[in-house]
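Hi,

Here's the structure I said I'd pass on to you. Have a look at it first, then read my notes below.

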Amino acid sequence: MTFKGTLIFAAMIVLAAAIGLSAKNSGKASMKFAEPIYDFGIVKEDGGAVSHEFDFENAGSANLIIYEAKADCGCTRPDYPKAPIAPGKQGKIKVTYNPLGRPGAFTKVVTIKTNGSPSKVRLKIRGTVSPK
């Protein structure tokens with residue numbers, strides 16, 4: 001093989017590797033949040049449940065599917081879109097916290113499981129409940 005042939009062969013291998021790497025990284029959904037943590041500040045214990053909507057975007061190149069949104073306790077309830085989110089589109093996850101019977105500071109975590117990268121995302125809410 002000549003020097004020119006060797007260079008062409010090496011260039012073809014580099015190109016094939018680049019195409020393979022690109023194909024490996026394409027076709028993934030990616031959930032990106034503007035703010036993964038929200039602070040309610042001070043909420044009244046007897047003031048009723050409080051909610052916040054976390055805005056996100058599918059920054060990937062495939063449909064984003066949310067399999068599950070689970071809170072770390074029964075006082076927190078997440079509500080999430082059940083339909084796939086197309087690439088470039090936005091969605092919201094609403095997290096509701098019930099302060100009744102829970103005076104003092106709180107931090108709660110909601111774990112989101114998706115088909116995206118990363119496959120798990122954690123949202124946090126926090127604040128302080130002022131007693132009745």
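Let's begin with two strands that sit side by side: β2 and β8 run parallel and are joined by six bridges. One of the pairs to look for is Lys44 with its bridge partner Ser130 in β8. When I say that two strands pair, I mean that DSSP finds at least two bridges between them. Helices (H or I, at least four residues) and strands (E, at least two) are DSSP runs, numbered from the N terminus.

Before you go further, please note that this is a predicted model, where local features need pLDDT of at least 70, side-chain atom pairs count only at pLDDT 80 or more, and totals for chains, interfaces and linings use all residues. Residues are numbered from 1 along each chain as its sequence is written, and side-chain values use heavy atoms, with hydrogens and water left out.

**The overall layout**

The chain has one helix and eight strands. Starting at the N terminus, the order of elements is α-β-β-β-β-β-β-β-β. Of the 132 residues in the chain, 32% are buried. Here "buried" means under 20% relative accessible area, "exposed" means over 50%, and "partly exposed" is in between (1.4 Å probe, protein chains only). If you take contacts (heavy atoms within 4.5 Å) between residues at least 6 apart in sequence, 66% of them join residues at least 24 apart.

**The two sheets**

As a bit of background, strands of a sheet pair through backbone hydrogen bonds, either parallel or antiparallel.

What order do the strands take in the open sheet with mixed pairing? It goes β2-β8-β7-β4, four strands in total. β2 and β4 stand at the edges with a single partner strand each, so one side of each has no neighbour in the sheet. From one strand to the next, the twist averages 20 degrees. For angles like this one, axes are lines fitted to C-alpha atoms (for helices, over the stretch in contact), and the angles run from 0 to 180 degrees between N-to-C directions.

The other open sheet also has four strands, in the order β1-β3-β6-β5, and its pairing is antiparallel. Its edges are β1 (31-33) and β5 (76-79), and each of these has a single partner strand, so one side of each is left without a neighbour in the sheet. On average, neighbouring strands here are turned by 30 degrees against each other, direction ignored. Inside this sheet, β3 (residues 50-58) and β6 (residues 90-97) pair in the antiparallel sense over eight bridges. To find your way along that pair, look for Ser51, whose bridge partner in β6 is Thr96.

**Salt bridges**

Side chains of opposite charge can pair when their charged atoms come close. How many salt bridges does the structure hold? There are four, counting a side-chain nitrogen of Lys or Arg within 4 Å of a carboxyl oxygen of Asp or Glu.

- Asp39 and Arg126 meet through their side chains at 3.7 Å, N to O. This pair links distant parts of the chain, with Asp39 in strand β2 (residues 37-44) and Arg126 in strand β8 (residues 120-130), 87 residues apart. Asp39 is partly exposed at 42%, and Arg126 is partly exposed too, at 39%.
- Lys113 and Glu68 come together at 3.4 Å, N to O. They are 45 residues apart and again link distant parts of the chain: Lys113 is in strand β7 (residues 104-114), Glu68 in strand β4 (residues 66-71). Lys113 is partly exposed at 34%, and Glu68 is partly exposed at 30%.
- Asp79 and Lys82 form a salt bridge at 3.8 Å, N to O. Asp79 counts as partly exposed at 44%, whereas Lys82 counts as exposed at 59%.

**A disulfide and a cis bond**

Which two cysteines does the disulfide join? They are Cys73 and Cys75, with 2.4 Å from S to S; the cut-off for a disulfide is a pair of cysteine sulfur atoms within 2.5 Å. The link is left-handed, with -60 degrees about the S-S bond. Cys73 is partly exposed at 23%, while Cys75 is buried at 7%.

Last, go to the loop between β7 and β8, where you'll find Pro118. The peptide bond from Ser117 to Pro118 is cis, with omega near 0 degrees.

Cheers
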